[in-house]
Amino acid sequence: KKRLKKALFDIRPDITVSMLRREINFLPGIHDGSKKIGELHFNKNNYRDFNTNGFFGWFKGLLSKIWMKQLIINLKKIDKFVVLSYEDMEQWTELNNACVIYNPLAEFPEITSDCKSKKVIAAGRYVNQKGFDMLLDSWKIVCEKHPDWILEIYGSGNKDIYISQIKENEIENSCFVRNAVLNINEKFIESSIFAFSSRFEGFGMVLTEAMSCGIPPVAFACPCGPKDIITDGVDGILVTPESVDELADRICFLIENENLRIEMGRKARIKAEQFRIDIIAQEWKSLFEKLVSTDN
(Lines give C-alpha, C1' and ligand atoms only; values in the text may rest on other atoms or scores of the structure.)
Protein backbone atom coordinates (compact mmCIF):
# COMPACT_ATOMS: atom_id res chain seq x y z
CA LYS A 1 0.00 0.00 0.00
CA LYS A 2 2.79 2.43 0.93
CA ARG A 3 4.79 1.62 -2.20
CA LEU A 4 1.80 2.03 -4.51
CA LYS A 5 0.84 5.30 -2.85
CA LYS A 6 4.37 6.62 -3.31
CA ALA A 7 4.44 5.50 -6.96
CA LEU A 8 1.14 7.20 -7.75
CA PHE A 9 2.20 10.47 -6.12
CA ASP A 10 5.52 10.32 -8.00
CA ILE A 11 3.96 9.51 -11.38
CA ARG A 12 0.73 11.49 -11.00
CA PRO A 13 -1.17 9.48 -13.64
CA ASP A 14 -4.45 10.66 -15.11
CA ILE A 15 -5.92 7.14 -14.82
CA THR A 16 -5.21 4.24 -12.46
CA VAL A 17 -6.69 0.85 -13.40
CA SER A 18 -7.14 -1.91 -10.83
CA MET A 19 -7.53 -5.53 -11.89
CA LEU A 20 -9.37 -6.09 -8.59
CA ARG A 21 -6.66 -7.82 -6.66
CA ARG A 22 -5.84 -6.75 -3.12
CA GLU A 23 -5.11 -3.17 -4.15
CA ILE A 24 -8.85 -2.52 -4.61
CA ASN A 25 -9.15 -2.53 -0.83
CA PHE A 26 -7.09 0.64 -0.50
CA LEU A 27 -6.77 2.17 -3.97
CA PRO A 28 -9.90 4.38 -3.63
CA GLY A 29 -8.32 5.97 -0.56
CA ILE A 30 -5.16 7.09 -2.38
CA HIS A 31 -5.90 10.70 -3.32
CA ASP A 32 -3.22 11.26 -5.95
CA GLY A 33 -5.62 12.98 -8.32
CA SER A 34 -6.02 10.10 -10.77
CA LYS A 35 -9.36 8.68 -11.82
CA LYS A 36 -9.80 5.14 -10.55
CA ILE A 37 -11.10 2.31 -12.76
CA GLY A 38 -11.73 -1.28 -11.77
CA GLU A 39 -11.80 -4.06 -14.37
CA LEU A 40 -13.15 -7.57 -13.81
CA HIS A 41 -12.24 -10.57 -16.00
CA PHE A 42 -14.72 -12.93 -14.33
CA ASN A 43 -18.46 -12.77 -13.87
CA LYS A 44 -19.85 -11.70 -10.51
CA ASN A 45 -21.31 -15.05 -9.48
CA ASN A 46 -18.07 -16.93 -10.14
CA TYR A 47 -15.55 -14.36 -8.96
CA ARG A 48 -13.70 -15.70 -5.91
CA ASP A 49 -16.23 -18.53 -5.92
CA PHE A 50 -15.26 -20.53 -2.83
CA ASN A 51 -15.89 -24.28 -2.83
CA THR A 52 -18.68 -24.54 -0.28
CA ASN A 53 -18.78 -28.34 -0.21
CA GLY A 54 -17.61 -30.31 2.79
CA PHE A 55 -17.67 -29.79 6.54
CA PHE A 56 -16.50 -26.17 6.42
CA GLY A 57 -18.73 -25.26 3.49
CA TRP A 58 -20.97 -23.01 5.57
CA PHE A 59 -17.93 -21.07 6.79
CA LYS A 60 -16.54 -20.66 3.29
CA GLY A 61 -19.95 -19.47 2.11
CA LEU A 62 -20.01 -16.88 4.89
CA LEU A 63 -16.52 -15.69 3.98
CA SER A 64 -17.58 -15.36 0.36
CA LYS A 65 -20.55 -13.16 1.28
CA ILE A 66 -18.45 -10.96 3.54
CA TRP A 67 -15.75 -10.63 0.88
CA MET A 68 -18.28 -9.68 -1.82
CA LYS A 69 -19.93 -7.11 0.45
CA GLN A 70 -16.56 -5.47 1.09
CA LEU A 71 -15.72 -5.53 -2.63
CA ILE A 72 -18.96 -3.72 -3.50
CA ILE A 73 -18.25 -1.05 -0.88
CA ASN A 74 -14.89 -0.40 -2.54
CA LEU A 75 -16.31 -0.49 -6.08
CA LYS A 76 -18.78 2.24 -5.17
CA LYS A 77 -15.84 4.51 -4.36
CA ILE A 78 -14.12 4.27 -7.76
CA ASP A 79 -14.97 6.32 -10.85
CA LYS A 80 -15.81 3.47 -13.23
CA PHE A 81 -16.18 -0.28 -13.05
CA VAL A 82 -15.66 -2.20 -16.32
CA VAL A 83 -17.13 -5.67 -16.86
CA LEU A 84 -16.98 -7.94 -19.90
CA SER A 85 -20.66 -8.50 -20.75
CA TYR A 86 -24.06 -6.88 -20.42
CA GLU A 87 -25.32 -10.13 -18.93
CA ASP A 88 -22.85 -9.73 -16.07
CA MET A 89 -23.48 -6.00 -15.64
CA GLU A 90 -27.11 -6.80 -14.82
CA GLN A 91 -25.88 -8.74 -11.78
CA TRP A 92 -24.18 -5.69 -10.22
CA THR A 93 -27.44 -4.13 -9.08
CA GLU A 94 -25.71 -2.36 -6.18
CA LEU A 95 -23.59 -0.19 -8.51
CA ASN A 96 -24.39 2.78 -10.75
CA ASN A 97 -20.85 3.21 -12.14
CA ALA A 98 -20.58 -0.02 -14.17
CA CYS A 99 -20.07 -0.22 -17.93
CA VAL A 100 -19.23 -2.90 -20.51
CA ILE A 101 -16.14 -3.16 -22.69
CA TYR A 102 -15.63 -6.49 -24.42
CA ASN A 103 -12.36 -8.40 -24.61
CA PRO A 104 -10.58 -7.65 -27.90
CA LEU A 105 -9.24 -9.99 -30.55
CA ALA A 106 -5.48 -9.55 -30.64
CA GLU A 107 -5.45 -10.48 -34.33
CA PHE A 108 -7.97 -10.95 -37.11
CA PRO A 109 -7.07 -13.77 -39.52
CA GLU A 110 -7.10 -13.14 -43.25
CA ILE A 111 -7.84 -16.78 -44.12
CA THR A 112 -11.10 -18.40 -43.04
CA SER A 113 -12.59 -21.89 -42.98
CA ASP A 114 -14.77 -23.11 -45.84
CA CYS A 115 -16.77 -25.08 -43.23
CA LYS A 116 -16.63 -28.22 -45.39
CA SER A 117 -14.20 -30.41 -43.44
CA LYS A 118 -15.68 -33.09 -41.23
CA LYS A 119 -14.12 -31.66 -38.09
CA VAL A 120 -15.55 -30.18 -34.90
CA ILE A 121 -13.11 -28.31 -32.66
CA ALA A 122 -13.04 -27.19 -29.03
CA ALA A 123 -10.33 -25.33 -27.13
CA GLY A 124 -9.54 -24.33 -23.56
CA ARG A 125 -7.70 -25.37 -20.44
CA TYR A 126 -8.33 -28.90 -19.24
CA VAL A 127 -10.27 -27.88 -16.16
CA ASN A 128 -13.80 -28.55 -14.90
CA GLN A 129 -14.95 -25.03 -15.82
CA LYS A 130 -14.60 -25.78 -19.54
CA GLY A 131 -17.06 -28.67 -19.40
CA PHE A 132 -15.16 -31.02 -21.67
CA ASP A 133 -16.62 -33.94 -19.73
CA MET A 134 -20.08 -32.89 -20.97
CA LEU A 135 -18.76 -32.35 -24.49
CA LEU A 136 -17.34 -35.89 -24.58
CA ASP A 137 -20.71 -37.30 -23.53
CA SER A 138 -22.36 -35.23 -26.25
CA TRP A 139 -19.87 -36.47 -28.79
CA LYS A 140 -20.75 -40.08 -27.98
CA ILE A 141 -24.24 -39.25 -29.27
CA VAL A 142 -22.95 -37.32 -32.29
CA CYS A 143 -20.52 -39.97 -33.50
CA GLU A 144 -23.23 -42.65 -33.44
CA LYS A 145 -25.06 -40.62 -36.09
CA HIS A 146 -22.02 -39.27 -37.91
CA PRO A 147 -19.07 -41.66 -37.47
CA ASP A 148 -17.17 -39.98 -40.32
CA TRP A 149 -16.80 -36.74 -38.33
CA ILE A 150 -14.11 -36.12 -35.69
CA LEU A 151 -13.83 -33.93 -32.60
CA GLU A 152 -10.49 -32.39 -31.65
CA ILE A 153 -9.96 -30.58 -28.33
CA TYR A 154 -6.89 -28.38 -27.87
CA GLY A 155 -5.72 -27.17 -24.48
CA SER A 156 -3.19 -27.09 -21.68
CA GLY A 157 -3.23 -29.00 -18.42
CA ASN A 158 -3.77 -32.59 -17.34
CA LYS A 159 -5.96 -34.40 -19.85
CA ASP A 160 -5.77 -37.89 -18.32
CA ILE A 161 -9.34 -37.81 -17.01
CA TYR A 162 -10.63 -36.96 -20.49
CA ILE A 163 -8.56 -39.69 -22.14
CA SER A 164 -10.15 -42.16 -19.71
CA GLN A 165 -13.62 -40.82 -20.49
CA ILE A 166 -13.00 -41.17 -24.22
CA LYS A 167 -12.16 -44.85 -23.69
CA GLU A 168 -15.22 -45.36 -21.48
CA ASN A 169 -17.44 -43.76 -24.12
CA GLU A 170 -15.77 -45.88 -26.83
CA ILE A 171 -15.12 -42.86 -29.06
CA GLU A 172 -11.35 -43.29 -29.49
CA ASN A 173 -11.63 -43.37 -33.27
CA SER A 174 -13.40 -40.01 -33.57
CA CYS A 175 -12.35 -37.93 -30.56
CA PHE A 176 -8.88 -36.62 -29.76
CA VAL A 177 -7.52 -34.43 -26.95
CA ARG A 178 -4.49 -32.45 -28.10
CA ASN A 179 -1.93 -30.24 -26.43
CA ALA A 180 -2.18 -26.48 -26.80
CA VAL A 181 -0.72 -25.05 -30.01
CA LEU A 182 0.94 -21.72 -30.68
CA ASN A 183 -1.51 -20.73 -33.41
CA ILE A 184 -4.99 -22.06 -32.64
CA ASN A 185 -6.40 -20.13 -35.61
CA GLU A 186 -4.74 -22.61 -37.95
CA LYS A 187 -6.76 -25.38 -36.30
CA PHE A 188 -9.98 -23.35 -36.38
CA ILE A 189 -9.56 -22.82 -40.13
CA GLU A 190 -9.20 -26.57 -40.64
CA SER A 191 -12.53 -27.13 -38.83
CA SER A 192 -16.22 -26.55 -39.60
CA ILE A 193 -17.91 -26.21 -36.20
CA PHE A 194 -16.75 -24.85 -32.85
CA ALA A 195 -18.14 -26.60 -29.75
CA PHE A 196 -18.27 -24.53 -26.55
CA SER A 197 -19.18 -26.46 -23.39
CA SER A 198 -18.14 -24.17 -20.51
CA ARG A 199 -20.02 -24.17 -17.21
CA PHE A 200 -19.20 -20.48 -16.75
CA GLU A 201 -16.96 -17.82 -18.23
CA GLY A 202 -15.91 -14.24 -17.74
CA PHE A 203 -16.42 -13.63 -21.44
CA GLY A 204 -15.45 -16.67 -23.50
CA MET A 205 -12.96 -15.05 -25.85
CA VAL A 206 -12.30 -18.38 -27.58
CA LEU A 207 -15.76 -17.94 -29.10
CA THR A 208 -14.80 -14.71 -30.86
CA GLU A 209 -11.48 -16.23 -31.92
CA ALA A 210 -13.24 -19.18 -33.56
CA MET A 211 -15.88 -16.94 -35.15
CA SER A 212 -13.19 -14.69 -36.62
CA CYS A 213 -11.96 -17.77 -38.50
CA GLY A 214 -15.39 -18.20 -40.06
CA ILE A 215 -16.70 -21.22 -38.16
CA PRO A 216 -20.09 -21.20 -36.42
CA PRO A 217 -20.19 -22.00 -32.70
CA VAL A 218 -22.59 -24.31 -30.89
CA ALA A 219 -22.37 -23.05 -27.33
CA PHE A 220 -23.87 -23.53 -23.91
CA ALA A 221 -25.55 -20.23 -22.99
CA CYS A 222 -23.60 -20.23 -19.74
CA PRO A 223 -22.93 -17.16 -17.61
CA CYS A 224 -21.43 -14.98 -18.92
CA GLY A 225 -20.48 -14.05 -22.47
CA PRO A 226 -22.04 -16.40 -25.04
CA LYS A 227 -25.38 -14.56 -25.03
CA ASP A 228 -23.55 -11.27 -25.66
CA ILE A 229 -21.47 -12.73 -28.47
CA ILE A 230 -23.82 -15.07 -30.37
CA THR A 231 -27.07 -14.17 -32.10
CA ASP A 232 -28.83 -17.51 -31.80
CA GLY A 233 -29.67 -19.07 -35.15
CA VAL A 234 -27.86 -16.35 -37.10
CA ASP A 235 -24.12 -16.54 -36.44
CA GLY A 236 -24.14 -19.51 -34.09
CA ILE A 237 -26.38 -21.64 -31.91
CA LEU A 238 -27.03 -21.22 -28.18
CA VAL A 239 -27.84 -24.32 -26.15
CA THR A 240 -29.38 -24.75 -22.70
CA PRO A 241 -26.47 -24.74 -20.22
CA GLU A 242 -25.18 -28.21 -19.35
CA SER A 243 -27.72 -29.97 -21.60
CA VAL A 244 -25.63 -32.78 -23.09
CA ASP A 245 -28.41 -34.05 -25.34
CA GLU A 246 -29.23 -30.61 -26.76
CA LEU A 247 -25.58 -29.87 -27.42
CA ALA A 248 -25.31 -33.12 -29.37
CA ASP A 249 -28.53 -32.42 -31.25
CA ARG A 250 -27.44 -28.94 -32.36
CA ILE A 251 -24.00 -30.15 -33.44
CA CYS A 252 -25.73 -32.83 -35.52
CA PHE A 253 -28.03 -30.16 -36.96
CA LEU A 254 -25.07 -28.19 -38.31
CA ILE A 255 -23.35 -31.34 -39.53
CA GLU A 256 -26.48 -32.28 -41.50
CA ASN A 257 -27.05 -28.81 -42.97
CA GLU A 258 -23.90 -27.82 -44.84
CA ASN A 259 -25.29 -24.75 -46.60
CA LEU A 260 -26.63 -23.34 -43.35
CA ARG A 261 -23.33 -24.14 -41.64
CA ILE A 262 -21.41 -22.24 -44.29
CA GLU A 263 -23.77 -19.25 -44.07
CA MET A 264 -23.56 -19.19 -40.25
CA GLY A 265 -19.78 -19.30 -40.53
CA ARG A 266 -19.85 -16.31 -42.85
CA LYS A 267 -22.04 -14.34 -40.45
CA ALA A 268 -19.92 -15.44 -37.49
CA ARG A 269 -16.93 -13.83 -39.17
CA ILE A 270 -18.92 -10.61 -39.65
CA LYS A 271 -20.00 -10.62 -35.99
CA ALA A 272 -16.39 -11.08 -34.86
CA GLU A 273 -15.46 -7.82 -36.59
CA GLN A 274 -16.90 -5.84 -33.68
CA PHE A 275 -14.31 -7.38 -31.34
CA ARG A 276 -11.30 -6.16 -33.34
CA ILE A 277 -8.68 -4.66 -31.05
CA ASP A 278 -8.78 -1.25 -32.74
CA ILE A 279 -12.52 -0.99 -32.04
CA ILE A 280 -12.22 -2.10 -28.41
CA ALA A 281 -9.18 0.17 -27.88
CA GLN A 282 -11.28 3.13 -29.07
CA GLU A 283 -13.87 2.30 -26.41
CA TRP A 284 -11.17 2.41 -23.74
CA LYS A 285 -9.83 5.66 -25.18
CA SER A 286 -13.30 7.21 -25.08
CA LEU A 287 -13.77 6.10 -21.48
CA PHE A 288 -10.41 7.58 -20.46
CA GLU A 289 -11.13 10.88 -22.21
CA LYS A 290 -14.57 11.15 -20.65
CA LEU A 291 -13.21 10.54 -17.16
CA VAL A 292 -10.34 13.04 -17.37
CA SER A 293 -12.56 15.73 -18.87
CA THR A 294 -15.00 15.73 -15.97
CA ASP A 295 -14.80 16.10 -12.24
CA ASN A 296 -17.81 13.83 -11.75
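**View 1. Burial across the chain.** Of the 296 residues in this predicted model, 49% are buried (under 20% relative accessible area, with a 1.4 Å probe and protein chains only). The C-alpha trace spans about 65 × 50 × 30 Å along its principal axes. Residues are numbered from 1 along each chain as its sequence is written, and side-chain values use heavy atoms, without hydrogens and water. Local features need pLDDT of at least 70 and side-chain atom pairs pLDDT 80 or more, whereas totals for chains, interfaces and linings use all residues.

**View 2. The nonpolar cores.** A nonpolar core is a set of buried Ala, Val, Leu, Ile, Met, Phe, Trp, Tyr and Cys residues joined through side-chain atoms within 4.5 Å. The largest has 52 residues, of which Leu75, Phe81, Trp92, Phe188, Phe194 and Leu287 touch the most other members. A second, separate core of 31 residues includes Leu135, Leu151, Ile153 and Ile171.

**View 3. The surroundings of Phe194.** Beyond its neighbours within four places in sequence, Phe194 is in contact with residues including Ile121, Phe188, Leu207 and Pro216 (contact: heavy atoms within 4.5 Å).

View 4. A cavity is a set of points on a 1 Å grid over the protein atoms alone where a 1.4 Å probe fits but cannot get out, and lining residues have an atom within 4 Å of a point. The largest cavity holds about 50 Å³ of space, a volume filled by probe spheres set on the points, which are joined across faces, edges and corners. Among its lining residues are Lys130, Phe194, Ser197 and Glu201.

Technical notes
1 Å grid on protein atoms, 1.4 Å probe; cavity = no way out; pocket = protein on both sides within 12 Å on 5 of 7 lines; lining within 4 Å. Buried < 20%, exposed > 50% of the residue type's maximum accessible area, 1.4 Å probe, protein only.
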